[in-house]
Amino acid sequence: MNLHTIKPAEGATHKQKRLGRGEASGKGGTSTKGNKGGQSRAGYQRKMAHEGGQMPIQRRIPKRGFNNIHRVEFKVFNLGQIDHLAEKYNITEFSPENLYINGLISQSDVVKILANGELKGKFSFRVHAVSEKAKTAIEGAGGTIEILK
């Protein structure tokens, strides 16, 4: 076999329909595009979400409220959970890296510690945010806090 002898497999190719080549071809006149309208003309492009003149779904559905695009969605951990998580996953430092490795958060999550519950052990925290009550509780238990950017 040489490069100049390569051919497609038998039956893999066929002649294209030749449109608009006279009435006798069976594909003349409107060239199988029907009569008039945008789709019969050259350069037709379907408009995104166009529903043929019916009121589009994005205009039929009611709009309510406001979505703040700058909202920061925190992954929250309460002080009451910390002892349990430390025991279960053998964590001494609560950082996004350790929490991600143990499957508790996704890689892009922003972590915040809240003061719900009691902290029994002494832990170090490297998190993005801490409530004031949680901060005093952690420091009262002998822990350290580092706030990440």
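This is a predicted model: local features need pLDDT of at least 70, side-chain atom pairs count only at pLDDT 80 or more; totals for chains, interfaces and linings use all residues.
Biologist: What makes R46 count as exposed?

Modeller: The cut-off for exposed is over 50% relative accessible area. R46 has 61% relative accessibility, and therefore counts as exposed. R46 is found in the segment before α1 (57-60).

Biologist: What share of the residues of the protein chain counts as buried?

Modeller: Buried means under 20% relative accessible area, and 21% of the 149 residues count as buried. The accessible surface comes to about 12300 Å², with 50% belonging to carbon and sulfur atoms.

Biologist: Which helices and strands does the protein chain contain, and in what pattern?

Modeller: There are four helices and six strands. Along the sequence they follow the pattern α-β-α-β-α-β-β-β-α-β.

Biologist: Why are β2 and β6 (144-147) said to stand at the edges?

Modeller: The open sheet in question has three strands in the order β2-β4-β6, with parallel pairing. β2 and β6 each have a single partner strand, so one side of each is left without a neighbour in the sheet.

Biologist: How do you know that β2 and β4 pair?

Modeller: Pairing requires at least two bridges between the strands. F94 has F125 in β4 as its bridge partner.

Biologist: What makes β3 and β5 a pair?

Modeller: The requirement is again at least two bridges. Two bridges join β3 to β5, which run parallel, so they count as a pair. K112 stands opposite A129 in β5.

Biologist: Where do β1 and β5 stand in their sheet?

Modeller: That open sheet has the order β1-β3-β5, with parallel pairing. β1 and β5 (129-130) are its edge strands, each pairing on one side only. The helix α2 packs on this sheet, touching β1 and β3, and its direction makes about 80 degrees with that of β1.

Biologist: Which residues of α2 are buried, and what do they pack against?

Modeller: L79, I82, D83, L85 and A86 are buried in α2. The buried residues of α2 pack against β1 (74-78), β2 (93-94), β3, β4 and α4. After α2 comes N90, whose phi is positive, near 55 degrees.

Biologist: What makes a group of residues a nonpolar core, and which members of the largest one touch the most others?

Modeller: The members must be buried nonpolar residues joined through side-chain atoms within 4.5 Å. The largest such core has 19 residues, of which F77, I82, F94, L99 and I113 touch the most other members. Two or more residues come from each of α2 (79-89), β3 (110-114), β4 (124-127) and α4 (132-140). With four residues, α2 gives the most.

Biologist: Which residues does I113 touch?

Modeller: Leaving aside residues up to four places away in sequence, I113 touches F77, L79, I82, F125, V127, A129, V130, S131, A134 and I138.

Definitions and conventions:
Residues are numbered from 1 along each chain as its sequence is written. Side-chain values use heavy atoms; hydrogens and water are left out. Buried means under 20% relative accessible area, exposed over 50%, partly exposed in between (1.4 Å probe, protein chains only). Contact means heavy atoms within 4.5 Å. Axes are lines fitted to C-alpha atoms, for helices over the stretch in contact, and angles run from 0 to 180 degrees between N-to-C directions. Accessible areas come from the Shrake-Rupley method with a 1.4 Å probe; for residues, only the protein chains shown count as cover.
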